[in-house]
2 protein chains.
Amino acid sequence: MSDYRAPLRDIRFNLEEVVDLAEVCTAIGNEDCDPEIVSAILEEAGRLCGEEIAPLNHSCDQAGAGFADRAVTAAPGLKGAYQHFIEGGWGGLSESPEFGGQGLPKVLSGSIQEMTQSANLAFSLCPMLSQGCIEAITLHASDEIKNTYLPKLVTGEWTGTMNLTEPQAGSDLAAIRTKAEPDGDGYRIFGQKIFITWGDHDMTDNIIHLVLARLPDAPAGVKGISLFVVPKYLVNEDGSLGERNDAYAASIEHKMGIHASPTCVMAFGDDEGAMGYLVGEPHNGLVYMFSMMNNARLGVGMQGVAISERAYQQAVEYAKERVQGMTVSGQGGIVKHPDVRRMLMTMRAATEASRSILYTAMAAVDEAHAGLDAEAKARANRRVALLTPVAKGWATEMSLEVTSLGVQVHGGMGFIEETGAAQHQRDARILPIYEGTTGIQAADLIGRKYLRDNGVAMTELLEDIKQDLEKAQQVVEIADITSAVAASLTRYQGLLEDIKSNGQDAIWVGSTATNFMMLSGYVWGAWLLMKSAAIAAPKQQQEPFYRNKVTTARVFCEQLLPRAEALALSMSYGAGAIMDIPEEEL
Amino acid sequence: MSDYRAPLRDIRFNLEEVVDLAEVCTAIGNEDCDPEIVSAILEEAGRLCGEEIAPLNHSCDQAGAGFADRAVTAAPGLKGAYQHFIEGGWGGLSESPEFGGQGLPKVLSGSIQEMTQSANLAFSLCPMLSQGCIEAITLHASDEIKNTYLPKLVTGEWTGTMNLTEPQAGSDLAAIRTKAEPDGDGYRIFGQKIFITWGDHDMTDNIIHLVLARLPDAPAGVKGISLFVVPKYLVNEDGSLGERNDAYAASIEHKMGIHASPTCVMAFGDDEGAMGYLVGEPHNGLVYMFSMMNNARLGVGMQGVAISERAYQQAVEYAKERVQGMTVSGQGGIVKHPDVRRMLMTMRAATEASRSILYTAMAAVDEAHAGLDAEAKARANRRVALLTPVAKGWATEMSLEVTSLGVQVHGGMGFIEETGAAQHQRDARILPIYEGTTGIQAADLIGRKYLRDNGVAMTELLEDIKQDLEKAQQVVEIADITSAVAASLTRYQGLLEDIKSNGQDAIWVGSTATNFMMLSGYVWGAWLLMKSAAIAAPKQQQEPFYRNKVTTARVFCEQLLPRAEALALSMSYGAGAIMDIPEEEL
């Protein structure tokens, strides 16, 4: 069975040398996060995740969540793990101190998120959903709602959920039908939601649901959707728990992966109606949801990093132990076979590139929240907006390949569930789907983040990339890397022009969007690994880590960056023939 | 739940127009296979697979095979399906008439194999294994063994298995430890085998195991392995069943997919020793096994085609029905979204290219068996040998992508097991592993089939491709396709020279092998779809099928063939940096 050791060295490298955590800390005005404290936080999180949470991963997958009598029971062991998690204060790491959080940078809590996700992806979804819930309430709800719900959400005594999807309304939230009828100081909610992650469980004594619903006078479409807080148990004025609310899990799904994460069908108001409390203004719910979307998407992108990291670690261990035939590099484990090494290094390069993209995006979130001048804030917000669809789309698509390679390295044993490699692939499979499919990310990138933005954020990004390239070009040992990156950048800029020229052609844009999103991932991944290699190359004698960082960047340029050329070629055909077969003849 | 309709039109096109079945039939001297009979066979197989076998696919996956008291029970419904399958004579379609087979071409039985595999991959493995067993016995066993076992194997009254792998001997069969000790006119077999597909079940009253084992005087390594027939029940002289042999399933594996295919740990000789009978000469077992390997590998390659086809059909149906938002092409199913169409057409192009590669390879098997002159036979054998690793490696790797896209098209519903899309991806995951991993296929292609062959078979293939290209270049409407293929061929030939120059460098060869194998698949796939488009283009007014064939070839060139360029770029680095990180620092 697989072990997990938090990749603290690479995490520290990304925090300290790629995104400059010290600067981030200064910017957000948090003086607690000096290097020693950060180090202690990372070590302790690594211990908790590696020693307590990770060992439950396989058994939780096999057992899954339980369901009976409209109630979910968490997979064995998770309740205890969750207790340890909240006792350590790990849920409220970057939440506001005003409500009990520690106000640490997002990029730092992101690194803890990564570890939790690697340790047990299904489990990690529960605190992640709470975070989203906390953010929505913090940003948009009344003081009364904040005071009632935030403190216990921040400590993790309660968990939160997001109730968006209905059977007819997935990617298209305009189709939502759940109703909210005024009742006293609140509303009665009636409707059914599906795909509600951790919609019910027995790890805490209350669960706070955020629910999208329509008021009686709501206009049709996306502008008629409001957001409500619907607690599982009503909260009395003194903070104690009151009546059971009419919000129940109706069933849980039988899924391909993340078995220990109960995916609920939620029934609101099957009896007298579920009491709900309006968040912010009526009809503005979708705006509130979208304001959290970037963060939620970055959280899922981080899941891509996390599951890739775990699959990589497991494949490496197996490849060292498994002896099979004489290799061209002599007797030993299959790790000596060049083809196995190619797989492992591809996994590693994809994982490290994904990590750098995610940490860079999360650091930009911190900058956007920091007390910078308005222009710098706006710029940081644009950067977050631009990076997010790639951080989510590319890192999760890559995680499919990385976890699949993880199975492949195991050979026949990879297909046997006992080994655990298959679980990573099954778990990863949801990542390019939830929080906006890859197609949605791609449309967001090419449409909203590039074309509608008139390329402003992209131009800013390319300037930064070019600066990093120029710096890296000073480091002669990585000339092969910088020349590969330079070539891909030239190609990339040409494509950006093509997109502009075809921006009015919805079919062209829709057809090329995913290829462009993936292409951006390869180019940006190469940029950040080049940047890392430029930092690492002069320190290669200091520590093997730095030498290996340069090597990994090189492998990325050899095995992964060439795909940018294939994607560019595909894009050059535009929609090509993909719409040519009539629908009924497909 | 997904339905399956056999893609008879594309199968007929491949049989009649791509590989010229009529010529194949004449060559093998089978006059029964005139177009009407072929048509009737295909229709009936399509009906059986679509109406009887396919509907069991999901329930069999959910139920899985049962195991208790050293015995396996097939998943509910399969015993009846198997009865219908053998009553129709579908098992012995291309087997020798001497033992009750119908002597039809392999490429025709291959098309039936495809349908069975699409209908229920787990089920289809049982007759496929029997076929391998029949072939080994036919080619290498004594008349006594043939007469005892073949008739009932050919009718399907008994099934066959292949027992190669042991815990320490997977890809490396030299490490086999199972022993065979002389006893009377036979041997007593002692040892444990793992990963034995359909190693036990209750669908027939006997099972014939082929087992690799070592004789007491066997030399070490691959040249000391012999092949034995080990029946589940001994067979009396009059053909009736005798004693239960000491060959039992010890357990079955809990796998990621193909749940209805029992993957057994087989215990031979836990008590008094399992009676076994030597096939052919002592110490020559591995040669016998390898003689069947091409066919078995083509069978698995066909599974790639089959599972891709089924995933494609299901994704198309879902995309037509699922409405989600206004699309750029108007109101309707998500099939109208260009990005969804891109996914569907990529699936379709990969599936059709895979099918053409497989059918071409299987027709070459028929030519190799036909009464041609020795030179033509040798050439056909070389062709089979060359095509096989790509037919197996590429078609199964593509099936991972196609089935994953199938899930993606379904969005969140794809992750729910009820939908059936996830099953295809889980089932497909074993295909690039068993019967030789992708790495093994790649090493076979670059090493044995190209370098060791001094490029003879490859040169012959390229001549044929060039002829087809010249013919296709006459068809002006597909000039875009032919120019893409021509460019990729030039690039491909350059790489073949690179490989020759680096042929002595085992690390270079081992590092580039998989990229070269995948590259070959893209180039050969483009060749065969170009050939198909050239046939189809002049008939576009006749039938939409022909128009759509041209379109699919075009999409292949736009969305998939560009990857050949990426792979070529990666190959240009040779081993690059992939071996540079010391094993212990990975």
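Visitor: How many residues of chain B are in contact with chain A?
Guide: This is a predicted model, where local features need pLDDT of at least 70 and side-chain atom pairs count only at pLDDT 80 or more, while totals for chains, interfaces and linings use all residues. Residues are numbered from 1 along each chain as its sequence is written, chains are lettered from A and ligands numbered from 1 in the order in which they are written, and side-chain values use heavy atoms, leaving out hydrogens and water. Contact means heavy atoms within 4.5 Å. On the chain A side 90 residues take part, and the count for chain B is 90.

Visitor: What area is buried between chain B and chain A?
Guide: Buried area is the accessible area (1.4 Å probe) that two parts lose on being put together, summed over both. Carbon and sulfur atoms give 60% of the total here, which is about 7,600 Å².

Visitor: Which residue of chain B meets Glu583(A) in a salt bridge?
Guide: A salt bridge puts a side-chain nitrogen of Lys or Arg within 4 Å of a carboxyl oxygen of Asp or Glu. Across this interface the rule finds four of them. At 2.8 Å, N to O, the side chain of Glu583(A) is paired with that of Lys336(B).

Visitor: Which element gives the largest share of the side of chain B that touches chain A?
Guide: Helices are DSSP runs (H or I, at least four residues), numbered from the N terminus. With ten residues, the element spans residues 544-560 of chain B and is helix 18.

Visitor: Why do the buried residues of helix 2 of chain A line one face of the helix?
Guide: Buried means under 20% relative accessible area and exposed over 50%, with partly exposed in between (1.4 Å probe, protein chains only). Leu21(A), Val24(A) and Cys25(A) are buried in this helix, residues 21-28. Taking directions from the helix axis to the C-beta atoms, the buried residues line one face because they fall within an arc of 100 degrees.

Visitor: Which residues are exposed on the other side of helix 2 of chain A?
Guide: The buried residues pack against helices 1, 3, 6 and 10 of chain A. On the other side, the exposed ones are Glu23(A) and Thr26(A).

Visitor: Which side chain makes a polar contact with that of Asp61(B)?
Guide: Asp61(B) lies in helix 4 of chain B and is buried, at 4% relative accessible area. A polar contact is a pair of N or O atoms within 3.5 Å; within protein, one must be able to donate a hydrogen and the other to accept it, and residues adjacent in sequence count only if both atoms are side-chain atoms. At 2.8 Å, the partner is Arg426(B).

Notes
Helix = DSSP H or I, 4+ residues; strand = E, 2+ residues; numbered from the N terminus.
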